[in-house]
Amino acid sequence: MKKIAILVMATVVLSMQAQKNAAVKNLPPVSDKIMENAVIYEANIRQYSKEGTFNAFAKDIPQLKKLGVKILWIMPIHPIGVEKRKEGLGSYYSVQNYTGVNPEFGTLQDFKNLVKKAHDNGMYVILDWVANHTAWDHAWVKNHPDYYVKDKDGTMVSPFDWTDVVKLDYSNANLRKAMISDMNYWLKNANIDGFRCDVAMEVPVDFWEQARPELEKTKPIFMLMEAEQPNLMKKAFDMQYGWEFHHLMNAIAKGEKSGKEIDEYLAKHAEKYEPNDISMMFTSNHDENSWNGTEYERMGNAVETMAALTYVMPGMPLIYNGQEYDFNRRLKFFVKDEITPKNFGKMFPVYEKLGKLKNNNAALHGGKNPASFKKIETGNENFYAFEREKNGKKVVFIANLSNKTIESTVHLKGEFKDYMSGYKIQFSTDAPLGLKAWQYLILEPTK
């Protein structure tokens, strides 16, 4: 009887484990609900590892799960144009073939395997999409010259000073159909879950509004735009870049602005956007890292505080690959480089804790049904505090946004536990609180 009981118990355990695994592998379609508590991660495949391949990156997907990552943004994976290439291996954003795979990264099957592994780990995958321009040696240049913008002399033109690419003309209905078809290829053949759209503001709004419903005939999708424009948020995109807040954080870290500018930002944002418009909050991304400097160059000792702020503010926080490893160097853009060494030093456990809080506490919801945001008064403009609340859950954030120790009053009452340290703190209304330079608290009520 004892052996039978053990056998039954083992069978039950295996059955429960199988059900758990099946629940992960049968990832539900992307939805508004998953946006509420998601962390997004940007992967630069070429520079992520020594190999610079899909397979090398995919090995670390279970590790990213520990950071609370729910959306993987993969930078462009297509073959890169050779004609008029700027240097080295060229720019990912000079696309030679929208339905091809850059052999530098691996094969289509390798990419499919990456997507499947992400799905198996509860993550959605969005692919970086360059709809504004192509490489000069894209087949369309020869076969469909009418797809491109031309000057008064009938010569194709580059956008801005990007001489390695040629601008597309969206007044051409056939181009629109071809572009949507190529986007749909990845939904159907690689089972991706959406797109991050490069310089989305340079492509007509009505194209995006045409493309979205056509693509969703295949499957529900998530759309992120590299832009910050209200009109693009109405029907086409789920999330925009939080550029303005990013620049504000840089300025605060340099001592050029203070917490009062956060209030001004929020007031202006509320006038321009709907309450359910999502902003991606970030301290770095591939452009910032390569061209404007690492977060350590731009933010100095304020890096961790600003990272925490991206998690507790309304919106969705971004991790750019390498930030979790304390990587403090500009990655080269056009040639092979590598994130090294991959330390599990200061920031990995910080992102891990912040990700867990973002995933599990409704007070940090930042999607289509965001948690409330309420400013808490303090006696100093650099002593910034606010409260977020939803479904009976509450989180209070207090930070010294300066490079000097500050003691100030905080209009807060009750007992709280600092999430990051575990220490309990008792507040009485307008009692003084001292914080060191760039020190922050993420507080949860103890009762």
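## Reading the terms in this model

Biologist: What makes Asn172 a cap at the N-terminal end of helix 8?

Modeller: A side-chain oxygen of Asn172 lies 2.8 Å from the backbone nitrogen of Asn174, and a polar contact is a pair of N or O atoms within 3.5 Å, one able to donate a hydrogen and the other to accept it, with residues adjacent in sequence counted only if both atoms are side-chain atoms. The model is predicted, so local features need pLDDT of at least 70 and side-chain atom pairs pLDDT 80 or more, while totals for chains, interfaces and linings use all residues. Residues are numbered from 1 along each chain as its sequence is written, and side-chain values use heavy atoms, without hydrogens or water.

Biologist: How do you know that the span of helix 8 is close to what is expected?

Modeller: Helix 8 covers residues 173-189, which is 17 residues, and reaches 24 Å from its first C-alpha to its last. The expected span is 1.5 Å times one less than the number of residues, and for helix 8 that expectation is 24 Å. Helices here are DSSP runs (H or I, at least four residues), as are strands (E, at least two), numbered from the N terminus.

Biologist: Why is Asn191 called partly exposed, whereas His365 is called buried?

Modeller: Buried means under 20% relative accessible area and exposed over 50%, with partly exposed in between (1.4 Å probe, protein chains only). Asn191 has 38%, so it is partly exposed, and His365 has 15%, so it is buried. His365 is found in the loop between helix 16 (347-360) and strand 11 (372-375). Leaving aside neighbours within four places in sequence, His365 is in contact (heavy atoms within 4.5 Å) with residues including Glu36, Lys358 and Arg388.

Biologist: What makes Trp208 stand out in the largest nonpolar core?

Modeller: That core has 130 residues, and Trp208 is listed with Phe57 and Leu72 as having the most contacts inside it. A nonpolar core is a set of buried Ala, Val, Leu, Ile, Met, Phe, Trp, Tyr and Cys residues joined through side-chain atoms within 4.5 Å. Apart from this core lies another, of 14 residues, among them Ala385 and Ile406.

Biologist: Why is one side of strand 11 left without a neighbour in the sheet?

Modeller: The open sheet has six strands in the order 11-12-13-18-15-16, with antiparallel pairing. Strand 11 and strand 16 (424-427) stand at its edges, each with a single partner strand, so one side of each has no neighbour in the sheet.

Biologist: How do you know that strand 11 and strand 12 pair, and which residue of strand 12 is the bridge partner of Phe373?

Modeller: Two strands pair if DSSP finds at least two bridges between them, and four bridges join strand 11 to strand 12 (residues 383-390), where Arg388 is the bridge partner of Phe373. Strand 12 also pairs with strand 13, over eight bridges in the antiparallel sense, and in strand 13 Ile398 is the bridge partner of Ala385.

Biologist: Why is strand 13 called largely enclosed?

Modeller: Six of the eight residues of strand 13 (residues 393-400) are buried, so it is largely enclosed by the rest of the structure.
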